[in-house]
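Please have the picture open while I talk.

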Amino acid sequence: MPHSSPSDNRTEMNIELPPVYIRGTGSYAPAKVVTNDDLAKFVDTSDEWIFTRTGIRSRRFVSAGETTSFMAIESARRAMAAAKVSPDAIDLVIVATITPDMPFPSTACLVQHGLGLGPITAFDIQAACSGFLYALRIGTNMIRSGDFKHALVIGAETMSSVLDFRDRSTCVLFGDGAGAVVLSSEESAEATGKILGTLCGADGSNPSLLCVPGGGSACPASVDSIEARQHFLKMNGREIFKVAVRAMEQCSRDILQRCGRSAGELDCVIPHQANMRIIDAIASRLDLPPERFFNNLEHYGNTSAASIPIALDEAVQAGRLKNDDLLLLVGFGAGLTWAASLIEWNL
Ligand code: UT7
C-alpha cells in the first residue's frame, strides 16, 4: 500500500499550527427502516446470510422528498445546534458524497441555500467511504490558513439511488443517511474534539474493484448503458474486504506514529461501518478489545461517506466519549482511498 500523506499540528520546521476543534456533531437518518427480511421478499437472500456475513440487520432508505442535500441540511442543523454556532457564523461548507442530488451544481451549494447561509465558500469532495475524513482534513487546513473560522463538514449519501436490486451481493450492504460536524478555530464550553492529525491516501490502480461505471465521460448515459445496468454500484467484495483490513490497519498505525501515540492509548475507535468482520479483524490486528470500537452498522448498513459522522454523533449522544479520551476515526473506500484522524476529546 502506498504511503499516506501527512497532516498534523506541526510543519516540517516544527512550528506549532493553530488548533482546530470539532465543536458539535449532528446526524440524520431517514425514517424508513428496511430490514433484511424486507429485502428477502424480493432478493434471493436471508437475514441469516446478511447478518452472519456482515453484521447488518437493517438499513434506512430515503422516501419521496428526501435527497442527499435534504439529509445533509438536517444533520448540519443539528450539528450547529450542538455547537451553539449560528448559521451566520459559518463561512465554509464541505460535503463529502458519491451520491449528490445531481452531477452539478454541488450538493454543498444546495446546503448553503437550504440553511440560509451567506455567499460563503461551499463545495463537494468525493473520496467514497473515506470522503468524510478527507473533508475533515481539508476543512482543518482551510481553518488553519486563517481564512475561515467555522466550517460545516458533512458526509451525506443516498446509496439506495445507485443500488442494483438485482445484485444480491451488493444491494443488501448499503443504506442512506447523513452526519455533520462543526469544525472551528475556537474551543467552546461544549464538548470539543481537538484534531491531533489526519492522514489520507489513495491507490487508483484498480478502480473497477468498487465503482459506478456509467454516467461519467468514460461511459455517458445512453440507452445501452442503462440496459447494461452501468449506472449501479459494482463491487468485488472479496478483494475489497482484504484491502480494507490492510489499509485501515496501516493507516491507523501511521497516524498514531505520526502523533507519537500508541494503539493501546486509544479509548475509542470509530471505524467506517462496512462489515463487522472487517472491524473485528482490525481490532485483532491492533490488539484492541472489541469494546473499544463504537459501531452502529447493525442499524444502518454501509452509508459510505456518512458512516463515520453518523457513528461519531451517536457516540457523542450515547455519552461514549469521556474527557481526555483519545479517539481514532478510520475509513476506507472506493478509489481506492483510505484515511484516519486522531482526536483528543474534551468535555
Ligand atoms: O465501503 C466500501 C467497502 N466495502 C466493503 O468493505 C465490502 C467488503 N466486502 C464484504 O463485506 C464481503 O466480501 C461481502 C459481505 C460483500 C461478501 O461476503 P463474502 O463472505 O466475501 O461472500 P462471497 O462474496 O464470497 O460470497 C459467498 C457466497 C456466494 O455463493 P457461492 O458462490 O459460494 O455459492 C455468493 O453468491 O454467498 C453468496 N451471496 C449471497 N447469498 C445470500 C452473495 N451475496 C448474498 C446474499 N445472500 N445477499
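Which elements do the buried residues of α3 pack against? They pack against β1 (21-28), α4 (107-114), β6 (150-158) and β7 (176-184), where buried means under 20% relative accessible area, exposed means over 50%, and partly exposed lies in between, computed with a 1.4 Å probe on the protein chains only. Contact, the word behind packing here, means heavy atoms within 4.5 Å, while helices (H or I, at least four residues) and strands (E, at least two) are DSSP runs, numbered from the N terminus.

Before I go further, this is a predicted model, in which local features need pLDDT of at least 70 and side-chain atom pairs count only at pLDDT 80 or more, whereas totals for chains, interfaces and linings use all residues. Residues are numbered from 1 along each chain as its sequence is written, and side-chain values use heavy atoms, with hydrogens and water left out.

Let me stay with α3 for a moment. Its buried residues include T68, M71, A72, E74, S75, A79 and A83. After α3 comes K84, whose phi is positive, near 55 degrees.

The helix α5, residues 131-144, can be treated in the same manner. With 14 residues, α5 should span 20 Å, and its end C-alpha atoms are 20 Å apart, in agreement. Because 12 of its 14 residues are buried, α5 is largely enclosed by the rest of the structure; among these buried residues are G131, F132, Y134, R137 and R144. The residue G146 follows α5, and its phi is positive, near 90 degrees.

Now to the interior. A nonpolar core is a set of buried Ala, Val, Leu, Ile, Met, Phe, Trp, Tyr and Cys residues joined through side-chain atoms within 4.5 Å. The largest such core has 48 residues, and those with the most contacts inside it are L266, V269, F293, L328, F332, L336 and L342. Two or more residues each come from β8 (192-202), α8, α9, β12 and β13 (337-346), and α8 gives the most, with nine residues. If we leave aside residues up to four places away in sequence, F293 touches V269, P271, I279, I282, A283, L288 and R320. Another core lies apart from this one, with 35 residues, among them I94, A127, L312 and L329.

On a 1 Å grid over the protein atoms alone, a pocket is an open set of points where a 1.4 Å probe fits, with protein on both sides within 12 Å along at least five of seven lines, and lining residues have an atom within 4 Å of a point. Grid points are joined across faces, edges and corners, and a volume is the space filled by probe spheres set on the points. The largest pocket holds about 920 Å³ of space, and of its 31 lining residues, I98, P100, Q126, V212 and G214 lie nearest its centre. The second largest pocket holds about 550 Å³; it is lined by 23 residues, of which L173, M235, G237, R238 and N275 are closest to its centre.

I will finish with some backbone details. Most residues other than glycine have a negative phi, and most peptide bonds are trans. Against that background, a cis peptide bond joins F104 and P105, with omega about 5 degrees, and the bond from G335 to L336 is also cis, with omega near 0 degrees. R229 has a positive phi, near 60 degrees, and is partly exposed at 21% relative accessible area. D324, in the loop between α11 (307-317) and β12, likewise has a positive phi, near 70 degrees, and at 52% relative accessibility D324 counts as exposed.

Definitions and conventions: The expected span of a helix is 1.5 Å times one less than its number of residues.
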